[in-house]
Amino acid sequence: MADRVAVVTGASSGIGEATARALAREGFSVALAARREDRIKELAEEISSAGGSALAVPTDVSDPDSARSLIETAKSELGSVDVLLNNAGVMLLGPMLGADLEHWQRMVNVNLLGLMYCTHAVLPVMQEQGGGHIVNVSSVAGRVARMGSGAYNATKWGVGAFSESLRQEALNYNVRVTIIEPGYVETELQAHNEHPLVVETMEKNKEEIGKVLEADDIARAIVYAVTQPEHVSINEVLVRPTKQRG
C-alpha cells in the first residue's frame with residue numbers, strides 16, 4: 001500500500017482516528033480531516049513520529065467549499081487520493097415530538113450532505129487517475145429504524161441509497177464503493193446525547209450486550225475492504241457486537 005493516499009473525515013476521534021492509524025501502519029499516507037484542528041495535528045505528529053506520513057487538514061464537511069478544499073489539498077500535498085473514508089458523523093437521538101430542529105439539520109448536513117460533498121469533490125480526481133475507493137460509514141441504524149432515532153435513521157438510510165447508486169455509476173471509471181455499518185461502538189457519538197430517555201436506553205443496551213465494539217474493530221474491517229485486489233469490491237460490511245440483537 002506504499003504511495004497510496006487515504007483521506008479520512010472525522011479523524012479527530014473514534015472510528016476515524018483508529019482507521020487513520022491503521023491505514024498509516026499499512027503504508028498509506030493519510031490526510032486527516034476534522035473541525036478540531038488540535039486533535040488532528042496531534043494525530044498527524046503521532047503518525048509521523050512512528051515513521052508514517054500524515055497531513056492535518058481542518059475541515060467542515062458540511063461546507064461544500066471546505067470539502068472541496070480538503071480533496072484539493074490532499075491531492076496537492078500527498079500526490080493523489082486513492083481512498084476516501086467518509087466517516088464524519090453526529091448522532092442526536094430523541095423523540096420527534098418537540099425535537100430540536102437544529103439537531104436534525106446538523107445530522108443531515110454532516111451525516112448525509114457532508115458525505116455527498118466530499119464524494120462530489122473526489123470523483124473527478126479518481127476518474128482522472130484511473131480509479132479509487134470510497135468508503136462510507138453508515139450504521140445498523142441505516143438498516144433498522146427504531147423509535148427515538150428517526151432523523152438519524154433517515155440520514156443513514158440515505159447513505160445506503162447514495163452508496164448503492166454511486167457504486168453502479170463509479171464502477172464505470174474503476175472506483176470501488178464500500179458501505180460500513182457498525183453496531184454499538186464505544187465512541188464519542190453516545191456522549192452527544194443528553195435526553196434522559198436516550199441516555200437510559202443506551203446504557204441499558206450496552207449492559208445487555210456486554211462487550212461492545214471498539215473503534216479498532218471497525219478500522220480492521222475498513223482496512224480489509226480497501227486492501228483487496230483491484231478486481232475485488234467489498235460492497236457492504238455489517239459489524240455488530242456478538243450479543244447485539246438488533
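Colleague: How many residues apart in helix α5 are Arg167 and Glu164, the pair that forms a salt bridge?

Modeller: In this predicted model, Arg167 and Glu164 form a salt bridge whose closest N and O atoms are 2.9 Å apart. Both residues belong to helix α5, and about one helical turn separates them because their spacing along the helix is three residues.

Colleague: Is Arg167 buried, partly exposed or exposed?

Modeller: A residue is buried under 20% relative accessible area and exposed over 50%. The relative accessibility of Arg167 is 25%, so Arg167 counts as partly exposed.

Colleague: How far apart are the closest N and O atoms of Lys211 and Glu214?

Modeller: Lys211 is exposed, with a relative accessible area of 59%, while Glu214 is partly exposed at 37%. A salt bridge requires the nitrogen to lie within 4 Å of the carboxyl oxygen. The pair forms such a bridge, and the distance between the closest N and O atoms is 2.8 Å.

Colleague: How many salt bridges does the structure hold?

Modeller: Some salt bridges are linked in a network, which joins Glu17, Arg21 and Glu46. For the structure, the number of salt bridges is 10.

Colleague: Which helix gives the largest share of the lining of the largest cavity?

Modeller: The largest cavity holds about 60 Å³ of space. Among its lining residues are Val110, Asn111, Gly114, Leu115 and Cys118. By class, the lining has six nonpolar, five polar and one charged residues. The largest share, five residues, comes from helix α4 (residues 101-129).

Colleague: What is the volume of the second largest pocket?

Modeller: This pocket is lined by 21 residues, and Leu92, Leu93, Gly94, His103 and His195 lie nearest its centre. The elements that give two or more residues to this lining are α4 and α5 (150-170). The lining divides into 10 nonpolar, nine polar and two charged residues. The volume of the second largest pocket is about 250 Å³.

Colleague: Is Met96 buried or exposed?

Modeller: Met96 lies in the loop between β4 (83-86) and α4. Together with Leu101 and Trp104, Met96 makes a nonpolar surface patch of about 330 Å². Exposed means over 50% relative accessible area. Since the value for Met96 is 57%, Met96 counts as exposed.

Key: Residues numbered from 1 in each chain as written. Predicted model: local features only at pLDDT ≥ 70, side-chain atom pairs only at ≥ 80, totals over all residues. Heavy atoms only, no water. 1 Å grid on protein atoms, 1.4 Å probe; cavity = no way out; pocket = protein on both sides within 12 Å on 5 of 7 lines; lining within 4 Å. Points joined across faces, edges and corners; volume = space filled by probe spheres on them. Helix = DSSP H or I, 4+ residues; strand = E, 2+ residues; numbered from the N terminus. Nonpolar A, V, L, I, M, F, W, Y, C, P; charged D, E, K, R; others polar. Patch = residues over 30% accessible without salt bridge, like charges linked within 9 Å, V, L, I, M, F, W, Y side chains within 5 Å. Areas by Shrake-Rupley, 256 points an atom, 1.4 Å probe, with all protein chains shown as cover. Salt bridge = Lys/Arg side-chain N within 4 Å of Asp/Glu carboxyl O. Buried < 20%, exposed > 50% of the residue type's maximum accessible area, 1.4 Å probe, protein only.
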